[in-house]
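Reader: I would like to learn how to read a few features of a protein structure, one at a time.
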Amino acid sequence: MAVTLTGTFVLHHFDWFEALYEFSRRYEAQSFDDMLVIVLFIAVGATYFSIRRSLDMRREYELRLKVEGRMETLALTDALTGLANRRHLYSVLKSRLEENSAEASPFAVCIFDLDRFKPINDVHGHLVGDQLLQQIAQRAQGQLRSGDMLARLGGDEFALIVNTRDVDEDISGLAERLITSLSEPFHIDQLVCHIGASMGIAFAQGCASQTPDALLQRADLALYRAKTEGRGTFRFYQDAMDAKAHERTLIELELRSAVEKGEIRPYFQPLICLRDGRIEGYEILARWDHPSFGLVTPDRFITVAEEAGLIGDISLSLLKQACEQARSWPKGTYLSLNISPVQFRDCQLSTKICDILDRTGFSAACLEIEITENALVHDVDVARRTLISLKARGMTLALDDFGTGYSSLQHLRSLPFDKLKIDQSFVTSMSESAESRKLVKAIIAMSHSLGLKTTAEGIETHAQALRLTQMGCETGQGYLFGKPSPQACQILLDGAIGAA
Ligand code: C2E
Ligand code: MG
Ligand code: MG
């Protein structure tokens, strides 16, 4: 019907009735029936084609809807694990936070990331890493209750939205279950992978700014705390963490200019020969002379400097300042410089140190490099290369805070150390614990049998100094002999330090 009406309108509009009339007059010989057949034929053809076209259009429309739906799903899904991705999680969080608070069911966000995933990825390749992530996603999903949502944020980082009834135990149980299940071994072909997970948890209720970003940031802060307090565990967000994060941001911002302004200065703590009370050298300890905070100790800024990539500059700046001050010291007095594990990633480290020694005229033989055991845990081969290079240039090497980290006897034997520094926790507990005394004695004996000298840190009493001297410890360091001070020479000239 519509086609006929449209046809009539078109014929009328373009004067085709007259044209038809003209046509029929010219071809009078043709019968009217023939003409009618032709017109009918055209009408049927047009109807057929228009129906076909509308069916095609409908099919295209359906296909487009399907593709759009698929694209939307892809945009919200993590391609590797099939879990929701960060965008999806974000939009769910947004809509849940916007729900009327009276009707909204309470929920928490948990972020967890994997411990020891990176070495597996690095050593066995990304294919194994990918399979591991898929298995982790499946295993984690198996621990969830209906209504909870699991998402992969990227890399080895995952997030959960968990419905809660404001009961800590409820979510603690889930966190424990999840962490335990992820610490069970994973099997990939012939490979057995042991990883673990740490988790940070933040409740949506009580989150003042009520945005997905604020909530995720809180869970992240709690995760950071879980990781720094031992990994394989979980922590709930607390307001104090926010204050700490704020201080950290402030410190990072100011630390950059502090290095340029020369506000990070070396303090010197004497290292004493326990046999004769002579000052052998000084450990360089960083202090930040902050215009408004006053003197800032390294525990507040060294980790920030490591994470912000500033530790290399700080360390070299301290060495340069210390070498310049040491020009006026008695010949042979050595300096002991702390090197962070992060600095071992710089393959130019020993060249940079030697440049400073050349420029200041300080002898490499009078420079001791202190590294902590953790530097060996991260990448022992990289550490070995740098240690060998430093040693080849004439420096001596000391293993700092011995007994608190993870270095093995194999490391001690195979790396070119000259000295062990016994951590102050052993020295402190020596007076009340016979076990500690035995341990210190054993460390000194072992050290000697490996051809290494020993320094005891944290000596505060004469009794400690005496006992350590009797045990054969060569060097002592601690408040008994002198606290870190900006003017090493002063202590030396005063001769105020005596043997215990
Ligand atoms: P460390 O290298 O083990 O330095 C010894 C720490 O023990 C120093 O703390 C020192 O002041 C403290 N100490 C020394 N004797 C005593 C004592 O008798 N009693 C007590 N209670 N403490 C004593 P400080 O200066 O706060 O440094 C802490 C840590 O910060 C250092 O431990 C070192 O690991 C790190 N650090 C300091 N300066 C630097 C640096 O320039 N670079 C790097 N990477 N780390 C640094
Ligand atoms: Mg040290
Ligand atoms: Mg130490």
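Reader: Over which ring does the charged end of arginine 139 sit?

Author: This is a predicted model, in which local features need pLDDT of at least 70, side-chain atom pairs count only at pLDDT 80 or more, and totals for chains, interfaces and linings use all residues. Residues are numbered from 1 along each chain as written, chains are lettered from A and ligands numbered from 1 in written order, and side-chain values use heavy atoms, with hydrogens and water left out. A charge sits over a ring if NZ of Lys or CZ of Arg is within 6 Å of the ring centre and within 35 degrees of the ring normal. Here the charged end of arginine 139 lies over phenylalanine 186, 3.7 Å from the ring centre, and lysine 483 lies over the face of tyrosine 479, at 4.6 Å.

Reader: How many aromatic pairs does a search of the whole structure find?

Author: Rings of Phe, Tyr and Trp (its six-membered ring) pair if their centres lie within 6.5 Å, and planes under 30 degrees apart count as stacked, over 60 as edge-to-face and the rest as tilted. The search finds eight such pairs. One of them is the stacked pair of phenylalanine 112 and phenylalanine 158, with 5.3 Å between centres and 10 degrees between planes.

Reader: Is phenylalanine 158 buried or exposed?

Author: Buried means under 20% relative accessible area, exposed over 50%, and partly exposed in between (1.4 Å probe, protein chains only). Phenylalanine 158, with a relative accessible area of 0%, is therefore buried, and phenylalanine 112, at 1%, also counts as buried.
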